[in-house]
Amino acid sequence: LLEAELRKPGYVCKPITIGANTDPYQPIEREHRITRQLLETMLEYRHPVSLITKGALIERDLDLLSELARHGLVSVHVSVTSLDPELKRTLEPRAASASARLRMIERLAAAGAAMHVHVTDGVWSPLRRGEALDALRARLSDSPSAHSRRTHAMPICFASPMDTMFARRRYGCAPDAFYCAPGRRAFHSPC
């Protein structure tokens with residue numbers, strides 16, 4: 001079906017997002033491999049693709065993603081709800097752990113994929129928010145992939161303007177932070 005669309009004479013190539021409605025790396029993907037087949041088609045047609053996931057199964061497709069990245073055709077968005085394992089288990093009982101997601105971010109970034117880390121607002125209390133953001137930024141900036149020549153600063157996308165304002169106050173004007181308004185495209189901080 002995807003291939004038929006891509007072959008249409010009037011088709012205009014625009015990035016396709018996989019995972020906007022449901023995570024493409026749910027457990028059933030291990031068996032059916034639908035996401036992998038879509039990525040194979042994207043690579044064959046050199047078509048840009050963006051993935052949104054919390055699933056560590058994405059690492060299975062690292063070979064395809066690194067090849068897509070080599071052509072500048074892939075971006076991956078991963079949310080990190082909390083670095084606290086207990087809080088994560090309560091909020092997202094069947095999703096990958098924060099450590100698994102951070103490892104996934106590091107491996108995908110090292111493979112050259114454009115990475116975007118989404119931080120959910122309202123999860124951390126105002127007193128712990130700064131501590132959590134410090135830990136997340138330190139973990140991302142200390143990873144070997146953060147220093148690779150093909151990887152740029154990983155944007156951290158906040159779900160509310162309040163968290164963006166909080167981050168600006170805490171870190172000064174950081175160009176690697178931006179706010180994604182619901183239903184709108186992400187835009188970079190005006191700083």
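**Close-up views of a predicted model**

**View 1. Strand β3 pairs with strand β2.** In β3, Ser 50 has Ser 75 as its bridge partner. The chain passes from β2 through helix α4 (residues 62-70) to β3, and this β-α-β crossover is right-handed. Right-handed means that, with the strands pointing away from the viewer, the path from the first strand over the helix to the second runs clockwise. Strands β2 (residues 49-53) and β3 run parallel and are joined by 5 bridges. Two strands count as paired if DSSP finds at least two bridges between them. Helices (H or I, at least four residues) and strands (E, at least two) are DSSP runs, numbered from the N terminus.

The model is predicted: local features need pLDDT of at least 70, side-chain atom pairs count only at pLDDT 80 or more, and totals for chains, interfaces and linings use all residues. Residues are numbered from 1 along each chain as its sequence is written, and side-chain values use heavy atoms, leaving out hydrogens and water.

**View 2. Both sides of β3 are covered.** In strand β3 (residues 74-80), 7 of 7 residues are buried. Buried means under 20% relative accessible area, exposed over 50%, and partly exposed in between (1.4 Å probe, protein chains only). Val 74, Val 76, Val 78 and Val 80 point one way. Ser 75, His 77 and Ser 79 point the other way. In a regular strand the side chains alternate between the two faces of the sheet.

**View 3. Val 76 sits in the largest nonpolar core.** This core has 28 residues, and Leu 68, Val 76 and Leu 108 have the most contacts inside it. At least two core residues come from each of α3 (34-44), β2, α4, β3, α6 (98-110) and β4 (114-119). A nonpolar core is a set of buried Ala, Val, Leu, Ile, Met, Phe, Trp, Tyr and Cys residues joined through side-chain atoms within 4.5 Å. Not counting residues up to four places away in sequence, Val 76 touches residues including Leu 51, Ile 58 and Met 115. Contact means heavy atoms within 4.5 Å.

**View 4. Glu 29 is a buried residue of helix α2.** Glu 29 lies in α2 and has a relative accessible area of 4%. A polar atom of its side chain lies 3.1 Å from the backbone nitrogen of Thr 35.

**View 5. Two loop residues have positive phi.** Arg 33 lies in the loop between α2 (29-32) and α3. Its phi is about 55 degrees, although Arg 33 is not a glycine. Arg 46 lies in the loop between α3 and β2, with phi near 50 degrees.

Definitions and conventions. A polar contact is a pair of N or O atoms within 3.5 Å; within protein, one must be able to donate a hydrogen and the other to accept it, and residues adjacent in sequence count only if both atoms are side-chain atoms.
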